[in-house]
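This briefing covers aromatic ring pairs and charges over rings. The sequence and structure come first.

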Amino acid sequence: MSVSFDFSGAAALVTGGSDGIGLAIARAFRAAGATVTITGTRAAAADYEQDLSGFAYQQLVATDPASVDAVATAMGPLDVLVNNAGTAIRAPEALTPEGFARNVEINLNAVYRLSHGLRPKLAERKGAIVNIASMTSYIASPRVPGYGASKTAIVSLTKTLATLYAEDGIRVNAIAPGWIETKLTVPVRGAEALNRPIIERTPMGRWGRPEEMAEPVLFLASPAAGFVTGVTMPVDGGYSAN
Ligand SMILES: NC(=O)c1ccc[n+]([C@@H]2O[C@H](COP(=O)([O-])OP(=O)(O)OC[C@H]3O[C@@H](n4cnc5c(N)ncnc54)[C@H](OP(=O)(O)O)[C@@H]3O)[C@@H](O)[C@H]2O)c1
């Protein structure tokens with residue numbers, strides 16, 4: 001049994017496509033025939049160890065509104081926007097108001113700014129937006145308050161943009177990944193006191209892989225989800241059900 005998506009002729013932008021979940025999503029769109037633009041914080045694709053050939057590349061520094069606007073301006077008509085770029089500001093900065101604000105700037109404000117800037121180009125193609133929420137959208141995040149607040153707000157923003165952009169034929173959905181093996185989660189996987197409760201609460205008993213986030217995103221962006229908008233779909237090995 002297999003499922004495949006055909007994005008031939010489609011243009012997709014995956015923010016934060018230089019690594020982790022975003023790179024896996026970008027590869028899946030490319031494999032499905034799309035022309036894919038990725039973003040990263042570095043000046044050029046060649047600045048990464050990852051093989052990013054086969055993608056168009058734009059620098060995106062989410063704390064800089066001009067950088068976000070420049071990405072929106074650089075794009076042509078767009079079928080898919082995946083708002084994936086994000087990070088967790090960690091201790092000691094995490095608990096300061098400045099750290100909180102910076103995390104919200106990266107994970108939330110930039111998502112709104114880019115979606116707003118690209119709305120006309122998505123409208124031309126009756127495109128789709130897929131946002132990336134988190135388990136921290138639903139549970140407390142005492143170690144990373146700004147991260148948790150931003151990811152909870154992504155669920156709200158997904159519903160709001162779905163409602164707002166429906167008149168343009170743009171669908172807006174999100175996935176909420178469980179605990180996924182990327183560079184973002186190295187500190188968690190490396191600490192047994194944090195790692196063990198995650199494995200114990202996840203009914204499937206393991207961490208997820210970035211590739212396992214890709215097909216659910218392609219589904220939400222595809223005509224197979226043509227009457228689906230405003231939802232956040234957990235992709236979490238059952239973590240949120242337990
Ligand atoms: N891993 C998980 O368990 C998990 C769970 C739930 C949700 N998520 C979400 O999934 C998304 C991807 O995370 P990941 O785990 O794949 O992390 P990752 O491997 O660290 O990749 C993060 C991506 O976002 C980019 N990025 C980071 N800070 C940025 C900034 N200030 N401005 C613009 N781009 C920035 C990174 O660019 P550089 O490569 O240049 O740093 C990279 O492309 C994030 O939104 C994250 O919150 C992850």
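The charged end of Arg189 is placed over the ring of Trp207, 5.5 Å from the ring centre. A charge counts as over a ring if NZ of Lys or CZ of Arg is within 6 Å of the ring centre and within 35 degrees of the ring normal. The model is predicted: local features need pLDDT of at least 70, side-chain atom pairs count only at pLDDT 80 or more, and totals for chains, interfaces and linings use all residues. Residues are numbered from 1 along each chain as its sequence is written, and side-chain values use heavy atoms, with hydrogens and water left out.

**Ring pairs**
- The structure has four aromatic pairs (Phe, Tyr and six-membered Trp rings with centres within 6.5 Å; planes under 30 degrees apart are stacked, over 60 edge-to-face, the rest tilted).
- Phe7 and Phe29 have ring centres 4.9 Å apart and planes at 80 degrees, so they pair edge-to-face.
- Phe7 is in the segment before β1 (11-14) and Phe29 in helix α1 (residues 20-31), so their pair ties together parts 22 residues apart in sequence (helices, H or I of at least four residues, and strands, E of at least two, are DSSP runs numbered from the N terminus).
- Phe7 is buried at 6% relative accessible area, and Phe29 is buried at 0% (buried is under 20%, exposed over 50%, partly exposed in between, with a 1.4 Å probe and protein chains only).

- Trp179 is partly exposed at 21% relative accessibility, while Tyr239 is buried at 7%.
- Trp179, Trp207 and Tyr239 are linked into a cluster by ring pairs.
- Arg201 lies over the face of Tyr239, 4.1 Å from the ring centre.
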